[in-house]
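Subject: Structure for your files

Hello,

Here is the structure we spoke about. My notes on it follow below.

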Amino acid sequence: MSQEISCGLEYISTPDLQACLTEALHSNYSFIVANVVHPRFRRSYIPGASKIGGFTRSDMVLSPQDWTSRIVAKISPYICVDSESPVVRQRHEDCLNEELSYCRGLGVPAIMLSLQSRNTNNLSRILQTYYETSHHPSLIWASVPMYCTRNARRNNQDDDDECEEAWDETWHWWSKFHERLEWDKRVGVVLEISADIPPQNILKRWLGEPVKAIVIPTSIFHNNKKGYPVLSRAHQQLVVNMVEHEAQVIVSGARRSNIEYYLQYLFRLWQRRPYKADDPMLSYARGWEDYLQTPLQPLADNLDTHTYNVFEKDPIKYDQYQRAITQALVDIKEKRLNKDNKEMMNELCNDVKEFSVSNEKNEMGHGDCLQETESITVMVLGAGRGPLVRATFNAADITKSKVKVIAVEKNPCAVVVLAAQVREVWRDRDVVVIPGDMRHLNLSPKADIIVSELLGSWGDNELSPECLDGAAGLLKPDGISIPKEYNSYVAPISSPRLWAAAKVASSSSTNQKEKNLETLWVVYMQNKHDIAGTKPVFNFKHPAKGTKDHEGDELKDYRGLPLTDNRRSATVSWVVEQDNVMHGFGGYFDCSLYGGEMISIVPSTHSPGMISWFPVFIPIKTPLRVHKGETITATFWRCVNSRRIWYEWIVEVGNYTTPLHNANGRSSEMLL
């Protein structure tokens with residue numbers, strides 16, 4: 001999330017560019033938007049012909065630093081390279097190329113141009129050429145109004161559906177344009193805010209687009225009692241929402257007040273915004289918004305100290321684990337007490353003549369005493385540097401239980417830390433460190449409780465099912481597994497930024513780009529829009545039941561453990577409620593630890609303050625344009641062989657079906 005609001009000032013005309021820039025900077029604006037050529041200057045451009053004089057001002061009126069950091073160059077607004085007239089189209093194309101070439105020479109950070117319809121084929125072609133021929137091209141800012149007045153005039157505004165079409169139309173201008181540029185991350189949209197506020201569904205869709213800036217006309221400000229410009233509450237919320245998604249603000253239009261007042265008001269508005277300063281997730285994720293990361297593979301690779309340190313800072317996750325372990329200890333103690341009491345009562349009934357009432361009471365008291373001294377064995381599988389061991393000891397203290405903790409860890413570096421804590425911190429506790437892979441150990445005594453935190457951002461993607469199934473022999477037949485169940489979820493999303501970032505994440509080669517779009521990415525998703533809600537995909541329970549043969553008998557492996565099958569497939573569907581472009585899926589999970597204790601990163605049930613997991617982004621190779629009323633159907637497979645696990649997925653919309661993604665794990669896999 002942005003820490004400061006960045007504001008620019010748009011000048012319709014700049015007779016003295018140096019004076020305009022100085023005025024804006026003295027008023028604390030960060031940059032100005034200025035026309036490359038005087039907006040009323042029409043010129044004939046003949047390639048190769050000599051000219052007397054230039055078509056615009058000299059670049060020496062400003063320093064190179066000013067050009068490269070404080071000027072957004074605006075293309076002449078009359079230029080229409082997609083005109084129906086061949087003569088106009090060619091002349092405007094020559095003028096556009098001339099202005100783009102001049103901007104390339106100036107090195108301006110961004111070039112702003114206006115979109116006026118869905119027809120932008122020629123404009124897209126010219127900009128593709130510009131990017132192909134420029135070593136350090138500027139960003140392209142495509143300016144569109146939020147509301148299409150032309151569409152509104154053509155239709156009857158009394159009809160709500162037709163009014164919504166006027167809001168939809170300009171999104172289609174931008175979306176078609178961006179699609180023709182292959183969702184290039186160097187291309188962003190600038191929204192011209194209207195006096196009317198769009199419906200919430202329209203606004204949320206814009207928040208999924210790469211909005212680089214919003215233009216606020218001075219005409220939508222009104223003066224308060226003291227004569228200072230202010231915005232309506234609805235406009236205030238719109239501005240805050242956009243700036244939270246890293247949009248800059250451009251003040252434009254006639255000066256109805258001192259230009260400093262507009263900026264001062266925007267600064268105050270940003271400082272007074274509702275902000276959950278105490279939310280650990282917002283603080284932790286700052287700076288990681290929309291940054292793609294490769295999922296961890298802790299089974300195949302050993303985690304480093306930094307990763308452990310990050311995970312151990314999560315206050316919510318370990319508190320939930322501690323609550324779950326506490327409940328498990330209480331239940332085991334109660335179960336043992338009931339069992340002992342039942343056995344003792346049976347003995348008393350068999351030979352009641354030999355005991356008096358007082359003897360019965362003494363025996364009952366003696367049984368309780370024995371119960372208190374019997375240890376409960378807790379195995380922490382994948383103990384890391386010991387946070388779950390600490391949670392277990394805290395739970396034991398709360399319940400006044402005697403526990404024996406066995407910490408199993410395969411990472412040699414983490415084993416060193418655990419051994420040091422056994423000597424220095426837990427020397428008065430009954431704790432043992434066992435180095436090794438939990439799947440290949442045979443320990444005694446068996447555990448009453450096994451505790452693990454092997455979950456990934458999509459639930460099973462760090463191979464928790466394979467690890468816990470392999471360690472099933474460490475648990476007593478009536479033992480407790482924490483966690484006991486987890487589910488993965490998906491939701492179709494629109495996010496040009498994430499899709500473009502995934503495409504070029506690790507290599508520029510065509511083959512690698514294809515692989516990038518068949519890979520799961522861990523990311524804190526900010527610049528995205530949910531096309532529909534989350535739906536469950538895969539489910540896993542522990543201890544897992546074995547598969548059954550044709551006679552209904554449970555199959556066993558060579559160790560006598562249930563032979564489980566962790567292959568999965570699921571088909572989910574959504575009905576599209578609004579025209580959009582689908583770039584992939586957001587992936588989430590929730591987990592039932594024990595009793596009523598849960599952890600979740602599903603947006604609707606997210607555990608407040610939990611920071612251990614970001615969601616996953618599951619891209620599709622070619623973004624799909626979906627229309628209101630259509631059905632998105634996606635099928636996911638979890639595939640397994642003797643040495644690796646991988647996902648495959650396919651999407652259907654109407655009569656179109658995508659190719660199968662990640663066939664046979666060709667692009668991404670998890671090693672066993």
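Helix α17 (residues 496-503) is largely enclosed by the rest of the structure, because 7 of its 8 residues are buried. The buried ones are Pro496, Arg497, Leu498, Trp499, Ala500, Ala502 and Lys503. Please keep in mind throughout that this is a predicted model.

Next, the nonpolar cores. The largest nonpolar core has 180 residues, and the members that touch the most others are Met242, Ile482 and Phe636. Strand β21 (residues 580-594) gives the most to this core, with 8 residues. There is also a second, separate core of 10 residues, which includes Phe31, Val33, Trp141 and Ile250. As background, nonpolar side chains in soluble globular proteins tend to be buried together.

What does Met242 touch, leaving aside its neighbours within four places in sequence? Met242 is in contact with Met146, Leu191, Leu203, Trp206, Leu207, Val211, Ile214 and Ala247.

Helix α7 (residues 200-207) and helix α8 (residues 233-244) have axes that come within 10 Å and cross at roughly 25 degrees. Angles under 35 degrees count as roughly parallel, and α7 and α8 are therefore roughly parallel to each other. The crossing of α7 past α8 is right-handed. On the α7 side the contact is made by Leu203, Trp206 and Leu207, and on the α8 side by Leu238, Asn241 and Met242. By type, the residues of this contact between α7 and α8 are 5 nonpolar, 1 polar and no charged.

The other helix pair in my notes is α3 with α4. Helix α3 (residues 86-106) packs with helix α4 (residues 121-132) at an angle of about 30 degrees, and their axes are 11 Å apart. By the same cut-off of 35 degrees, α3 and α4 are therefore roughly parallel to each other. Their crossing is right-handed. From α3, the contact uses Arg89, Glu93, Leu96, Asn97, Leu100 and Arg104; from α4, it uses Asn122, Leu123, Arg125, Ile126, Leu127 and Tyr130. The contact of α3 with α4 divides into 6 nonpolar, 2 polar and 4 charged residues.

Why can residues three or four places apart in an α-helix point the same way? An α-helix has 3.6 residues a turn, so residues at that spacing point the same way.

Regards

Terms used. Residues numbered from 1 in each chain as written. Predicted model: local features only at pLDDT ≥ 70, side-chain atom pairs only at ≥ 80, totals over all residues. Heavy atoms only, no water. Buried < 20%, exposed > 50% of the residue type's maximum accessible area, 1.4 Å probe, protein only. Helix = DSSP H or I, 4+ residues; strand = E, 2+ residues; numbered from the N terminus. Axes fitted to C-alpha atoms, helices over the stretch in contact; angles between N-to-C directions. Parallel < 35°, antiparallel > 145°, perpendicular 65-115°, else oblique. Left-handed = near helix turned anticlockwise from the far one by under 90°. Contact = heavy atoms within 4.5 Å. Nonpolar A, V, L, I, M, F, W, Y, C, P; charged D, E, K, R; others polar. Core = buried A, V, L, I, M, F, W, Y, C linked by side-chain atoms within 4.5 Å.
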